[in-house]
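Reader: I've got the model open and want to check the labels you put on it. Mind if I ask how you back them up?

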Amino acid sequence: MIVVADGGATKCDWAFVEDDKIVERLKMEGINPFSVSEEHIRKVIERDFLPVALRYDISHIWFYGAGCGFGGDIIKRVLTDSLPTTEIFVGSDIDGAAKACCPNGEGIVCILGTGVSSMQVENGVCTKRLPGPGYILGDEGSGTVMGRMLLSDFIYNQLPSHIHKLFTEEFDVTIPEIIDRTYHKPAANRFFSSFTPFLSRHIEEEYCRGVVRYNFEQLVKRNLSQYDTHRLTVNFVGSVAAVFEDILTEELDKCGMKKGVIVRSPIEYLVKNLTTELKIKNIQC
């Protein structure tokens with residue numbers, strides 16, 4: 001058996017695969033090594049993953065996760081300590097997204113979820129990739145930045161009166177609590193992005209649609225426009241891309257960019273393409 005994982009900042013999706021078929025799925029909280037400590041990652045793995053994993057004879061794990069471009073050694077160490085006889089590969093979430101969305105090795109792929117990451121691949125090789133600086137320095141288009149803008153407007157009394165009323169009816173949160181969660185508690189990105197569903201629930205409102213549209217305008221301008229969009233399709237992975245697909249499509253059309261696939265979670269695509277690749281390499285699933 002092999003295990004394939006797609007790990008975002010907010011959630012991690014695991015697939016236990018045997019004979020090319022997913023026999024069990026597991027969803028748990030995100031374990032981005034840039035957002036949470038190694039101690040917390042160990043706790044989550046031991047609490048949520050191991051009880052399921054120990055029921056199977058796992059030969060390989062492929063873990064593609066947020067923060068693993070530079071922090072992947074932490075994830076590999078934790079998984080190796082937990083399953084010492086299992087061969088483990090750890091890659092970045094954008095590598096996993098490219099494998100899921102560009103099986104022919106050609107295209108541009110963009111993760112739009114809690115954070116933002118993007119890359120261009122040609123002939124199966126990355127030919128261009130922008131750094132993912134996080135929500136403080138960038139990440140326009142992400143759930144984190146959308147949520148942060150909403151909270152900032154709430155703090156500064158910039159919400160239209162009826163939106164303010166809806167917000168306070170749905171969230172029992174105070175300004176001191178927002179400040180505390182932002183500067184004194186871990187995983188502020190998750191906190192910010194937890195407010196993004198408010199925008200989708202009220203997307204018919206001009207204010208909410210405006211926040212989303214502004215973020216996608218900036219995403220196209222500052223990020224996607226640097227790739228060869230005139231000849232390659234742009235593919236998207238993540239909840240933000242899936243939920244706001246109509247607005248995202250409008251912004252791509254404005255700039256003459258061709259949309260490829262949009263998937264909320266790439267795990268099934270990832271499993272399908274990875275198992276095909278393993279067959280070619282004669283690795284048993």
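Reader: What makes β2 and β3 a pair?

Author: Two strands pair if DSSP finds at least two bridges between them. Eight bridges join β2 (residues 11–18) to β3, running antiparallel, so they count as paired. Strands here are DSSP E runs of at least two residues, helices H or I runs of at least four, numbered from the N terminus.

Reader: Fine, and what is this model's basis?

Author: This is a predicted model, where local features need pLDDT of at least 70, side-chain atom pairs count only at pLDDT 80 or more, and totals for chains, interfaces and linings use all residues. Residues are numbered from 1 along each chain as its sequence is written, and side-chain values use heavy atoms, leaving out hydrogens and water.

Reader: Why are β3 and β5 called edge strands?

Author: The open sheet runs β3-β2-β1-β4-β5 with mixed pairing. β3 (21–29) and β5 (87–92) each pair on one side only.

Reader: How do you know that helix α1 packs on the sheet?

Author: Contact means heavy atoms within 4.5 Å. Helix α1 (residues 38–53) touches β1 (2–7), β2, β3 and β4 (60–65).

Definitions and conventions:
Axes are lines fitted to C-alpha atoms, for helices over the stretch in contact, and angles run from 0 to 180 degrees between N-to-C directions.
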